Amino acid sequence: MNVHFTRTRATLTAAAVLLAVAAPTAYAGLGDGAGTAPPRGKPYVETQLFFGTVRPGGGPAVTDGQFMRFVDREVTPDFPEGLTVQSGRGQWRDVGGAIERERSYELILLYPVERAAANGRKIEEIRRAYEKAFGQEAVARADGKVRVDF
């Protein structure tokens, strides 16, 4: 047998054994935070709101200008620290069972956990105001816990 082949084979075998032993330890730390650096940032809530633009009954769709005026009037006063607006395309099943595809907006709000109850009420007011102003069936809401560092 070739000496070079034997050394290469021994090296590859040692690497495979090392990976087999180390991998479970590395992956175990990913799930529960054990053995990792302390979490960065402070506990916050991230709320995502999804606003459709198609009006029931075939009226004109909500424009960018109308939406940004809505944000300026209804959202910014309650969340002056900042927010993010993204444009998108969405779909959902309406109350009549039809699949509606439309241009949409995603509004992202971040706020400290201790303000969750008060901000939750403000966010519900924003949702109702948009539904009323633009004849929408619903504004979707998703909340999650995050850590934020500015």
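A nonpolar core is a set of buried Ala, Val, Leu, Ile, Met, Phe, Trp, Tyr and Cys residues joined through side-chain atoms within 4.5 Å. Buried here means under 20% relative accessible area, while exposed means over 50% and partly exposed lies in between (1.4 Å probe, protein chains only). In this predicted model, local features need pLDDT of at least 70 and side-chain atom pairs count only at pLDDT 80 or more, whereas totals for chains, interfaces and linings use all residues. Residues are numbered from 1 along each chain as its sequence is written, and side-chain values use heavy atoms, leaving out hydrogens and water.

Let us begin with the overall layout. The chain has three helices and four strands, and from the N terminus on they follow the order α-β-α-β-β-α-β. These elements are DSSP runs numbered from the N terminus: helices are H or I with at least four residues, and strands are E with at least two. Of the 150 residues in the chain, 24% are buried.

Now step inside. The largest nonpolar core holds 18 residues, and Phe51, Val75 and Tyr130 have the most contacts inside it. At least two residues of this core come from each of β1 (42–52), α2 (64–75), β3 (99–112) and α3 (116–134). In soluble globular proteins, nonpolar side chains tend to be buried together. Take valine 75 as an example: leaving aside neighbours within four places in sequence, valine 75 is in contact (heavy atoms within 4.5 Å) with Phe70, Leu83, Leu107, Leu109 and Ile126.

Asparagine 119 sits in helix α3 and is buried, with a relative accessible area of 2%. Beyond its neighbours within four places in sequence, asparagine 119 is in contact with Phe79 and Tyr111.

Next, look for the rings. The whole structure contains eleven aromatic pairs. Rings of Phe, Tyr and Trp (its six-membered ring) pair if their centres lie within 6.5 Å; planes under 30 degrees apart count as stacked, over 60 as edge-to-face and the rest as tilted. Phenylalanine 67 and tyrosine 105, by contrast, are stacked, at 4.0 Å centre to centre with 5° between the planes. Here phenylalanine 67 belongs to helix α2 and tyrosine 105 to strand β3, 38 residues apart. One aromatic cluster takes in Phe51, Phe67, Phe70, Tyr105, Tyr130 and Phe134.

Finally, turn to the charged side chains. The structure holds nine salt bridges, each a side-chain nitrogen of Lys or Arg within 4 Å of a carboxyl oxygen of Asp or Glu. One of them joins arginine 127 to glutamate 124, whose closest N and O atoms are 2.9 Å apart. Because these two are three residues apart in helix α3, about one helical turn separates arginine 127 and glutamate 124. Arginine 127 is buried at 15% relative accessibility, whereas glutamate 124 is partly exposed at 25%. Another bridge joins aspartate 143 and arginine 141 (2.8 Å, N to O). A network of salt bridges links Glu124, Arg127, Arg128, Glu131, Arg141 and Asp143.
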